[in-house]
Structure formats: C-alpha cells, structure tokens
Amino acid sequence: NFSNYLKKKKMCNTDSKASKTKKEDEPATASGGFKGAPDSVALLLFFVFWYAGNMKYNEYNTASLASVGGKFAGMTMTVATLQLGVCGVYA
C-alpha cells in the first residue's frame with residue numbers, strides 16, 4: 001500500500017513522537033508566531049484586487065476607444081487587435 005511505500009522511502013514521517021510535538025494542520029513558520037492570513041481573507045483580498053484591476057482595465061479600454069471616435073466609429077476591432085498585439089509582446 002502507498003503509506004508503506006512512503007515509510008520505506010522516508011517521505012512520510014509517521015513517528016508518534018513527531019505527531020505529538022507538532023500539529024499536522026499548522027503550517028511551518030520560521031518565527032513560530034505569525035501563521036498568515038486565513039484562506040477566506042486571502043480569497044477576499046484576491047477578489048478586491050481583481051475587481052479594482054478590472055475597473056482600471058475597463059476605464060483604459062473606454063478611453064482608448066473614445067480616442068478613436070467611440071464604439072460606432074468602426075475602429076472597435078482595430079483597437080482590440082492592437083491592444084492584444086501590444087500586450088502579447090509586452091507579456
């Protein structure tokens with residue numbers, strides 16, 4: 001079975017002393033104090049920063065489209081293609 005394989009390869013520490021000294025669900029930290037933000041806070045911050053970046057991206061697209069005459073001037077696909085090309089080179 002797989003746990004026996006890990007024991008043989010010493011990839012898994014199943015010693016009873018080690019499991020008593022450290023809880024398995026706690027992450028290892030250098031200082032032993034701060035363990036990081038909970039996952040729910042990290043996820044919330046991810047969505048906040050994504051939303052803020054998405055707003056700035058939409059503002060940039062609106063301004064770039066307005067600078068060539070608006071969405072009914074016939075340059076919509078040209079602006080989108082140029083943005084894709086420039087960002088593809090940049091990335």
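Which helix is L43 found in? L43 sits in helix α3, residues 39-66.

Hi everyone, a word on the model before we go on. It is a predicted model, where local features need pLDDT of at least 70, side-chain atom pairs count only at pLDDT 80 or more, and totals for chains, interfaces and linings use all residues. Residues are numbered from 1 along each chain as its sequence is written, and side-chain values use heavy atoms, with hydrogens and water left out.

Now the overall picture. The protein has four helices and zero strands, and along the sequence the pattern reads α-α-α-α. Helices here are DSSP runs of H or I with at least four residues, strands are runs of E with at least two, and both are numbered from the N terminus.

Of the 91 residues, 8% are buried. Buried means under 20% relative accessible area, exposed over 50%, and partly exposed in between, with a 1.4 Å probe and protein chains only.

Back to L43, which counts as partly exposed because its relative accessibility is 48%. What else could we look at around the rings? There is one aromatic pair in the structure. The ring centres of F46 and F47 are 5.6 Å apart and their planes lie at 75 degrees, so this pair is edge-to-face. For the cut-offs, rings of Phe, Tyr and Trp (its six-membered ring) pair if their centres lie within 6.5 Å; planes under 30 degrees apart are stacked, over 60 edge-to-face, and the rest tilted.

F46, at 54% relative accessibility, counts as exposed, while F47, at 46%, counts as partly exposed.
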